[in-house]
Amino acid sequence: FGYTNDPTAIVAIYYYNGGYIFDEITFQKGLSNKQIADILVNLPSALVIADSAEPKSIDEIKSFGVNIIPATKGPGAVLQRIQAVQARLRIAGDGKPRLFLMRGSLVDTDSSLVEEKKPTSTEDEFPGYVWPKGQDGKPLKEVPVDENNHALDCVRRFGGVLEHPAYSLAWSRFELAKPAGAGWTRSLTDDGWTCEVDQRWYGHE
């Protein structure tokens, strides 16, 4: 969420051919909750996960018919998710990464961000997503600099995805929240969510 100083970032996430594609929908300042809801209800139906720091905004957007829930922020989650995104950005054995930004998907550029010389898209935010430095000049790898990271925050929160077979022993072995078979299940031990996905939906036998 953003308004006066920061943009609101909306990113659609798709799983395709073994990787995750981030389709940038909106990166704009000054959007009201009603305007955000209007954008979301005109997209293909999907679960919307939003910054939990804005519960009032989430409730209002939900009142306009949007299927929206707050993200959860557990201890250590920031670093874990950054590491998961880094892993997916590395080139795999087939010569491709497992996380992609859809270039050119953002139709309108916020002119006010251009004037302020701030990032105008997710891609623009990558160079500024850095670790703060301590007095010795070395990076403090705990929480990244909280500035110009609005769309990248979406990538960090939802780009780190772990996959397990539905009937794997890992669910009980590692005390993971096992999917209920339909819909999303929130973990009681961390800030994660699980759902069961039939691989046949994506062309797998």
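Is K34 buried, partly exposed or exposed? K34 is partly exposed, with 38% relative accessibility; here buried means under 20% relative accessible area, exposed over 50%, and partly exposed in between (1.4 Å probe, protein chains only).

Before the close-ups, a quick note: this is a predicted model, where local features need pLDDT of at least 70, side-chain atom pairs count only at pLDDT 80 or more, and totals for chains, interfaces and linings use all residues. Residues are numbered from 1 along each chain as its sequence is written, and side-chain values use heavy atoms, leaving out hydrogens and water.

**View 1. K34 pairs up with D38 in a salt bridge.** A salt bridge is a side-chain nitrogen of Lys or Arg within 4 Å of a carboxyl oxygen of Asp or Glu, and in this pair the closest N and O atoms are 2.8 Å apart. Both residues sit in helix α1 (residues 33–41), four residues apart, so about one helical turn separates them. (Helices are DSSP runs of H or I, at least four residues, and strands are runs of E, at least two, numbered from the N terminus.) D38 is partly exposed, at 32%.

**View 2. D94 and R98 meet through their side chains.** Their salt bridge spans 3.0 Å from N to O. D94 is partly exposed at 47% relative accessibility, and R98 is partly exposed too, at 24%.

**View 3. E116 and K118 form a salt bridge.** Here N to O is 3.5 Å. Shared partners link K29, E116 and K118 into one salt-bridge network. E116 is partly exposed at 39%, and K118 is partly exposed at 29%.

Searching the whole structure turns up four salt bridges.
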